[in-house]
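Please look at the structure first and then read on.

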Amino acid sequence: MERFRLTEDQLYKVCDCRSFDFQTTEDLTPLQGIIGQDRAVKALDFGLKIEKGGYNIYVSGGWGTGRKSYVNLITETMAVKKDKGKDWVYVNNFENPYSPKAIYLEGGEARVLEKLMERSLRLIKKQIKEAFASRDYESSKAMLMEAYHKKTQEIIENLNEIGKRFGFVFSHNEQGLVSVPLKEDGSPMTEKEYKNISEEEYGRLKNNSSTLGIEAVDYFNLLRSEEEKLTGKVRNLDESIARKIVTFNIESMEKKLHLNPGLETFLKDFGKDIIDHLDRFRVDKEETQSNNPLLMLAQSTDENFFDRYQINLLIDNGAKETAPVVFESNPTYYNLLGAVEYRNEMGVMKTDFTQIKPGALHEANGGYLILEAKELLSAPFAWQALKRALLTGRLHIESLGKHSGAIMTTTLKPEPIPVDVKVILIGDYYIYSLLHEYDEEFGKLFRIMADFDSEMNRDDDNVMRFARFIATHCEKENLLPFDKGAVGRIVEYSARLADQKDKLTARFNKIVAILIEADQWARIYGDEVVSEKHIEKTLHEINQRTNKVEEKVLEMFESNDYLLEVAGEKVGEINGLAVLGTGQYTFGKPSKITVSSYRGKAGIINIEREVKTSGSIHDKGVMILTGYMGYQYAQDKPLALSASIVFEQLYSGVDGDSASSTELYALLSSIAGIPVRQGIAVTGSINQRGRIQPIGGVNEKIEGFFKVCKMKGLTGDQGVIIPHQNVKNLMLSEEVLQAVIARDFHVYAVKHIDEGIEILTGLKAGDIHTKGTVHYLVNERLKDLAKNKDEAGD
């Protein structure tokens, strides 16, 4: 049995602080980058360098492995090598205001355009008013009016010649050009005289007027034509003057901008729209002011008219020196793609192109967008919208109502913006597997997977980089320096978290928590350097805060509410080990397993399965016992056996196959009537050939059983049997180590069920042909059961 016993060196791997070439972390150079993630770093670096479509990146890994911090670091580093993104603005579409136009500009020029437009619009208003109030304009307009009056006078004279033949003369009044009847002396008739004429005279005038209208129609047409010509000439004069002003200001703007087709078209349309609405620019605001509510509303409408010339600055990269890096913590549909907002005007919801707001994809355009996969998939329509944008290469700002099928009121449909962005999704491997399996577009869009490991090798290089990581965090968080003893203890704790003595955990969030709390304890004690005692104090306090459930369980063992013997021998009873978790804290809890065997043909009955308190993996482990029994004992006879196996006092359910070897030991004990040592607890799974297989939580299981044994009294015969593969996982507590050194407690590692039989029974396992061995005794009992079955059958 001694050959299976592990020494203290096998139970814990000490960090040799003598190899450190520093006294405190102040002597170390802070770490740049990340530790032990070479695979993920290489994948990220490769994915970020590919500029082709579809090479977006999915970053997989557990929480706390530094994946998000490193993604931020590497993207910001890569962004320095790229040009800062373009500026984007939305402007009014003068032909169709419901479809605003998108225009790109060089980085920083959107703000320039906005200011130039404000200045130019102000100058154009002022210059147009001044131009139309100038003497030159009045003189030019007077010349047109003079020519018009001269021409119309000639036409009127011709009309009068015709009118005199019919007894009428034409004159101007408030109603325009009217015909006036003539008296016999040739002078115009007054209104009083007209009212006093006879019926006969009235009839004659009426007939003459009708005839005159027919005769003079061509002259009236000439008058209207001259009036239209005058209006056109005045309009041309006005437009000519305004066009010079507008052209001058637009050309001045163009000299200060890098032009592109979209910008040129907008400036051209801008000038044309001013000419088309010239009357709006000639009105003096001060002259139109009024206290009348209706007039005030009209004035407000006139003021709002000029909003059509505003610039909606969507994306401004002027202040940036590198390509954008955007982390969107709440990737909802609107936060990703932007939205068209509304404003309340006198109880009516209105919108225009100035209400278009950008999303994270707009802000990250030309750079990198970092998203949490879980948050993205939780937001309705967000994942589909992101895929659509990446597949089409265009950003459409639309209302969610269109996608949900809701009836929508008329709204804007902004021109889509081309998108060139590298999307980095951060999530776990489970989400990656689901997307890859059920969403065929995911594989086309996210062809690079950077997988962050939860552990790294515990070699000299990584240990030193681990120490530099501590130095980096001390500098970043203004913590006290850590001496080499404290660093060594943290390295050992990291190996415990990794559940393997030759590995270190990559879940740095847990290490950072230890650093912060140890620093606080050092400050409480008034020390200037964090030492090993502060680390031990921190770990002790963390356990004290979270181990309430374990203490309650131990109290139940102490009061014998849980029935468990840790001394003596019993047939068909054995102590198994399980791991319980309460969120942050996990601990081992021993459980008594009992077996009752008897003649029958039901085989091995798993009581946990019968009452549906066991999981599928545990059920599989019990079924493997049947396979082992058949392989070992039923080559020459049938198994005429019924046996029931149960975890006593277990009410919360059980899963996993780590107790399958334990159950087999109890089964063999029950069949052969051989007592089993109760001071030895067992963990480990088996295969159908009796070979022991590794399990999880080995440290917690050993420590859990040790605490119960210590409570009930250490005898020197107590211990735990574990699979030999789990020796590499052992990083036991100092209390257990000291007990092993004092030989008050033992840890045994076995490779086969036969080795465990020897430890538990003190007998050789042997084989079915060697008398006095366990297998022989079991086989003989099974023969008796089979024989009795045959006799009963006969």
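Helix 2 (residues 38-49) lies across strand 1 (57-60), strand 12, strand 15 (422-427) and strand 16. Its direction is at about 150 degrees to strand 16. The model is a predicted one. Helix 18 lies across strand 1, strand 15 and strand 16, and runs at about 140 degrees to strand 1.

These strands belong to an open sheet of 5 strands in the order 7-12-15-1-16, with parallel pairing. Strand 7 (325-328) and strand 16 (448-451) are the edge strands, and each pairs on one side only. From one strand to the next, the twist averages 20 degrees. In a regular strand, side chains alternate between the two faces of the sheet.

| Strand pair | Sense | Bridges |
|---|---|---|
| Strand 7 and strand 12 (residues 368-372) | parallel | 4 bridges |
| Strand 20 (residues 573-582) and strand 21 (residues 585-599) | antiparallel | 10 bridges |
| Strand 20 and strand 25 (residues 680-682) | parallel | 2 bridges |

Single bridge partners can be named for each pair. Glu328 has Leu371 in strand 12 as its partner. Ile574 is bridged to Ile593 in strand 21, and Gly576 to Val682 in strand 25. The hairpin of strand 20 and strand 21 has 2 residues between the strands, and Gly583 in this hairpin takes a positive phi near 80 degrees.

Is Tyr430 buried or exposed? Tyr430 sits in helix 18 (residues 429-438). Tyr430 counts as exposed because its relative accessibility is 58%, and exposed means over 50%. Together with Leu434 and Tyr438, Tyr430 makes a nonpolar surface patch of about 400 Å².

Technical notes. Residues are numbered from 1 along each chain as its sequence is written. This is a predicted model: local features need pLDDT of at least 70, side-chain atom pairs count only at pLDDT 80 or more; totals for chains, interfaces and linings use all residues. Side-chain values use heavy atoms; hydrogens and water are left out. Patches are made of residues with over 30% relative accessible area and no salt bridge: like charges are joined within 9 Å, nonpolar side chains (Val, Leu, Ile, Met, Phe, Trp, Tyr) within 5 Å. Accessible areas come from the Shrake-Rupley method with a 1.4 Å probe; for residues, only the protein chains shown count as cover. A salt bridge is a side-chain nitrogen of Lys or Arg within 4 Å of a carboxyl oxygen of Asp or Glu. Buried means under 20% relative accessible area, exposed over 50%, partly exposed in between (1.4 Å probe, protein chains only). Two strands pair if DSSP finds at least two bridges between them. Axes are lines fitted to C-alpha atoms, for helices over the stretch in contact, and angles run from 0 to 180 degrees between N-to-C directions. Contact means heavy atoms within 4.5 Å.
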